[in-house]
Each structure stands twice: as structure tokens, then as C-alpha cells.
Amino acid sequence: MIGLLSAMDEEIELFRSHLQSDSTSTSFAGITFDLGTINNCPVVLAKCGVGKVNAAMASQAMIDRFGIQSLVFTGLAGALVPHLRRGDIVIANFVAQHDIDLTAFGRRPGQVSDAGRLIEADPKIVDKIARAAEQSFADNPNPPQVLVGTIVTGDSFIADQQRIKWIQREFGAIAAEMEGAAVGQVCQANKIPFAVVRVISDSASGGAAGEFIMFLDEASERSYHIIETVLPMLNTARQPQFV
């Protein structure tokens, strides 16, 4: 079974609406988990809520209660580099928490433990999602860019140019959001392969909040089409291949 997580109702609603008719729901720790199949692949999906604690709690519940074999987090993100535009797809090869600050103890910003501050997403899943994203928009006359790079996470919505510059230079990150690295930390601890897929909704600047709200539905549709395409490839029992 594959776990699918998003932070907001709008980001997960298309997944819910495409669950096949035999789906069921159950609640745990205030989170509703929907079990069923999408594109003939067994999935459990949930809206975790915004922020790192919510994302970590839902991730651990998926692992403990549903025995997922991998976890994919989808949603929106703000761009940290100027060549990204609204609608582009970013897939994390590494995630990090930009708001962790233990520099007083000799650690670098974002460093949680001696193991380092970057958590690696599963390279095979990342590659499959990147190819699925390109395939999903192959017929689009103006296809979005599909980029793989570091995505940073923090419990604040980034809308300040000075903060953007610091984060980008400190972490070499291409996008910022509020859940992915928490998912990554939980999955790393449990040895569960994971990936974080984000659609760029805003420029993480002064008008970012308005851009985010305006683009939410369209961006969520893009996320759904990518995951629908890649799910059969992540279902290891079937192991289909791109042609």
C-alpha cells in the first residue's frame, strides 16, 4: 500500500474523488484516512493539516497502522529561485528544516542531529515521479518545468525577500513549504521510502499568500495527474515500466 499525504483539503480532494467504489474511511488522532485504490493501486490517503507536527503525526500513523511501503507528499510550494514560475513541478531529492536553529551549540542551521541536516528522498521514486510528470504534460503546448532539487520546510509561510535569499544560499534550495522535511524525518527513522512533490504556486514574495490561494485548485489538479500516472510504477507487485 502507498501512502498519499497533503496538508489541505483542496490538495487531497481530487485523490478522494477518484478512489474506486470499494473505499473505506477510518479516523485516528483526529485525522481521517481513506483506503482504496486509484488507477488499480492500493492507497491510503489523508489530509494531515498544515505544519511539521501535523505532517509527522500523520506519517507515523500511516506507517504504524496501515503498513505502507512508501509515502508521497504532494501539495504547493513557493519558489526560491527566479527561473521557476507558477505551475512548475519540483521534486525533492533532499529535504531540510530551515527553521531549526541550534547554531549556539555549534551546529549549522537546519541540523537536527550529528547525522546532518539534509534528508535524502528515495532516488528511484524521485526518478519515476520526474518521468511521470514529464509524461503527464507531454501534450501541453506550454508544459511546466520539472525540476529535482532541495526543498526546505519550516513552520512559517515564506513571503520575505531577505529570508528567501538566506534560505536559498544556506541550503541551495529551490522551493519552500511547511511539511516535507517532517515527513522525511519520520520516514528516514522508520526506513520507509518517501518523496515530496510540489507544484509552484507563488514566488514566496510579498504577494505570495494571494498567489497561493488563487492557484490552489489548478496546482492540485496537476499534482493529482502526476501521482495518478506514477502510482502503477510505485506498486512493486506490478512493476510496470515506461515505454
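Glu179 sits in the loop between β9 (173-177) and α5 (180-190). Helices (H or I, at least four residues) and strands (E, at least two) are DSSP runs, numbered from the N terminus. This is a predicted model, in which local features need pLDDT of at least 70, side-chain atom pairs count only at pLDDT 80 or more, and totals for chains, interfaces and linings use all residues. Residues are numbered from 1 along each chain as its sequence is written, and side-chain values use heavy atoms, with hydrogens and water left out.

The relative accessible area of Glu179 is 4%, so Glu179 is buried. Buried means under 20% relative accessible area, exposed over 50%, and partly exposed in between (1.4 Å probe, protein chains only). The side chains of Glu179 and Arg198 are joined by a polar contact of 2.9 Å. A polar contact is a pair of N or O atoms within 3.5 Å; within protein, one must be able to donate a hydrogen and the other to accept it, and residues adjacent in sequence count only if both atoms are side-chain atoms. Not counting residues up to four places away in sequence, Glu179 touches Ala7, Gly49, Val50, Gly51, Ala55, Phe73, Thr153 and Arg198. Contact means heavy atoms within 4.5 Å.

Cys48 is in the loop between β4 (41-47) and α2 (52-66). Cys48 counts as buried because its relative accessibility is 6%. With residues up to four places away in sequence left out, the residues that Cys48 touches include Ala7, Ala55 and Phe73. Cys48 and Thr37 are 11 residues apart in sequence, and their C-alpha atoms are 19 Å apart in space.

The protein chain as a whole has 6 helices and 10 strands. For 243 residues, a compact globule would have a radius of gyration near 18 Å, and the 17 Å of the protein chain agrees with this. The radius of gyration is taken over C-alpha atoms, and the globule rule is 2.2 Å times the number of residues to the power 0.38. The C-alpha trace spans about 50 × 45 × 35 Å along its principal axes. Of the 243 residues in the protein chain, 51% are buried. Among contacts with a separation of 6 or more, 76% are between residues 24 or more positions apart.
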